[in-house]
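Here is a set of questions and answers for someone meeting this structure for the first time. Please look over the sequence and the model before reading on.

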Amino acid sequence: ALPPPVVAVGPTAASLRGAEALQVVARAAGPDSGQRCLLAGVSDAQLLALAAGAAATAAAAGRRKQRRRAPAARVVLAAVKGKDIAKSVAAGKVVLMGDSVLDNFYWLKTPKRPLRVQLQEALKASSSKALKESSCVNLAVDQMTTFDLAERDPFWNAWEPYAQARRKVGFDDKEDLEYKADEDGKIRSVKLLEGMQNVAAVVLSVGGNDVYLKKDIQADLAYSLVPGFEGNREKVAKEFGIRYREIVESVRAAAPGAKLVLVIPYRPHQDFSIVTGAPDVDAEGVKVEDAFGSVGRSFETRFLPEMVTPMVREILAVGREVGCPVIDLSRTLRIDEESHYGTGRIGETNELGAPWSGAEPSDISTKFIARLIEHALSNEQEAMLYWGDAKQPGGKNWQMTVRQDNNDYILAEDYKFGGGIMKKVVKGPTEEEVAEANPYWFAIGILATLLLSAQSLMNGGDVVGFERDGFEAVLQQQVAEPAQPWPKG
């Protein structure tokens, strides 16, 4: 029987389809062998022919299996350009890049213990000698997006409030005192990475703020719930995937040979809304319910996974393409547990005056993240998905067990942000079912748009879909034009 191969293919879409077909056959052949097969520059037809031959061999040997995941059979795709990633980490710098999933000091109950500090401790406690000798460096900056990771301008996406807060914390290590910006005041994260020596690994978390901070993306995702606009979320995901791949390519070029770990962000807490924020509290710190905020939070808890799953699948796809691990925090933090977010309790502020946030990790979940990163770096670099199974036995200290799965075509097909399995339409709905469902989904879409517009107006913005800059430009042009005489007659 044909041993299950490890296949590296070129960046074309046709090759990717051929590789996925070959992966199905490789898994059917069985996990008994670890033979490696490197195919570079082969055509889609050649891949499919090899897949067909492998299928015939596997069938003859009577070794076809039902849907399952065998760790020995895997496909490493090279669709994202860049040099090969190291299989095992060497001693050196472990660099954090991206957003506040990694740069989380400001929101913690204990700001002096951000992820960089806790990950450094996890590395020192690692069973890996190389990790014990490694150091953690933070290049992540709160509110980073895929739009500005390469170059972030403080005029458009300021970070000064976080910079000022860093100076107040009193960190023990000078590494944590300042963000690293160029002389012109801009932060160029990839350029900073390129200037570093001895980079052993890069941990990248970016994309969550594309949804959290970009009103146009929020609007597209909300409209995707309206019948006829379902393609919006796929459009958002496709555009995100392009930006994400460009970032990964630039990171790999800046740190050739370094291990890479990608991060899927967590779901917000069920009592937090990316549109309306956290619930209010009274003088005693007790949560106060409000109708508008409750509707928004309930809506997001119900529909956010469905809206953003296509975006997250792009992260998983890149993990398969470059053959690197992905950490899934949406399956790690519990959305019903306040202690996994922010200061740990709704209504509680930290020494910096920062309130509880249901969109930021807590002291407890930061430890989870550090453990997951250390685990990913301790294992061979391959397309795996890691997440944490967090429990609190006896209501005492939280404990987390690392779970894992192959990041393969089966997972890609079933994956849903936050856990569970995306529902698949096996049979199309009847005309009667469509007629009954359309008013419901139309109302959901309108509600989402109203929520976004109302929050935007309260924050001094505009109604969703209204482009003030464009409107004002046209208005100024019309005012500047000479008045035309009224026609006679």
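This is a predicted model: local features need pLDDT of at least 70, side-chain atom pairs count only at pLDDT 80 or more; totals for chains, interfaces and linings use all residues.

Q: Is Asp-408 buried or exposed?
A: A residue is called buried when its relative accessible area is under 20%, and exposed when that area is over 50%. The relative accessibility of Asp-408 is 0%, so Asp-408 counts as buried.

Q: Which backbone nitrogen does the side chain of Asp-408 reach at 3.0 Å?
A: The side chain of Asp-408 has a polar atom that lies 3.2 Å from the backbone nitrogen of Ile-410. At 3.0 Å, the side chain of Asp-408 reaches the backbone nitrogen of Leu-411.

Q: How far apart in space are Gln-404 and Leu-385, C-alpha to C-alpha?
A: Leaving aside neighbours within four places in sequence, Gln-404 is in contact with several residues, including His-375, Met-384 and Leu-385. Gln-404 and Leu-385 are 19 residues apart in sequence, whereas their C-alpha atoms are separated in space by 5.4 Å.

Q: How many residues does H10 give to the largest nonpolar core?
A: The largest nonpolar core has 63 residues, and those with the most contacts inside it are Met-97, Leu-193, Leu-204, Tyr-244, Leu-262 and Ile-264. Helix H10 gives the most to this core, and its share is 11 residues.

Q: How many disulfides does the structure hold?
A: A disulfide is a covalent bond between the sulfur atoms of two cysteines. Cys-136 is buried because its relative accessibility is 2%, and Cys-324 is buried as well, with a relative accessible area of 0%. The number of disulfides in the structure is 0.

Q: Which residue forms a salt bridge with Lys-129?
A: The structure holds 29 salt bridges, and Lys-129, which is exposed with a relative accessible area of 59%, takes part in one of them. Its partner counts as partly exposed at 48% relative accessibility, and the closest N and O atoms of the pair are 2.6 Å apart. That partner is Glu-133.

Q: Where does Glu-178, the salt-bridge partner of Arg-167, lie?
A: The side chains of Arg-167 and Glu-178 meet in a salt bridge at 3.2 Å, N to O. The pair links distant parts of the chain, 11 residues apart, with Arg-167 in helix H5 and Glu-178 in the loop between H5 and helix H6.

Q: Which helix holds Glu-306, the partner of Arg-233 in a salt bridge?
A: The closest N and O atoms of Arg-233 and Glu-306 are 3.4 Å apart. The pair joins distant parts of the chain, 73 residues apart, with Arg-233 in helix H9 and Glu-306 in helix H10.

Q: Is Arg-233 buried or exposed?
A: The limit for a buried residue is under 20% relative accessible area. Arg-233 has 11% relative accessibility, so Arg-233 counts as buried.

Q: What percentage of the 489 residues in the protein is buried?
A: The secondary structure of the protein comes to 14 helices and 11 strands, and its accessible surface comes to about 23,300 Å². Among the 489 residues of the protein, the buried share is 50%.

Terms used:
Residues are numbered from 1 along each chain as its sequence is written. Side-chain values use heavy atoms; hydrogens and water are left out. Helices (H or I, at least four residues) and strands (E, at least two) are DSSP runs, numbered from the N terminus. Buried means under 20% relative accessible area, exposed over 50%, partly exposed in between (1.4 Å probe, protein chains only). Accessible areas come from the Shrake-Rupley method with a 1.4 Å probe; for residues, only the protein chains shown count as cover. Contact means heavy atoms within 4.5 Å. A disulfide is a pair of cysteine sulfur atoms within 2.5 Å. A salt bridge is a side-chain nitrogen of Lys or Arg within 4 Å of a carboxyl oxygen of Asp or Glu. A nonpolar core is a set of buried Ala, Val, Leu, Ile, Met, Phe, Trp, Tyr and Cys residues joined through side-chain atoms within 4.5 Å. A polar contact is a pair of N or O atoms within 3.5 Å; within protein, one must be able to donate a hydrogen and the other to accept it, and residues adjacent in sequence count only if both atoms are side-chain atoms.
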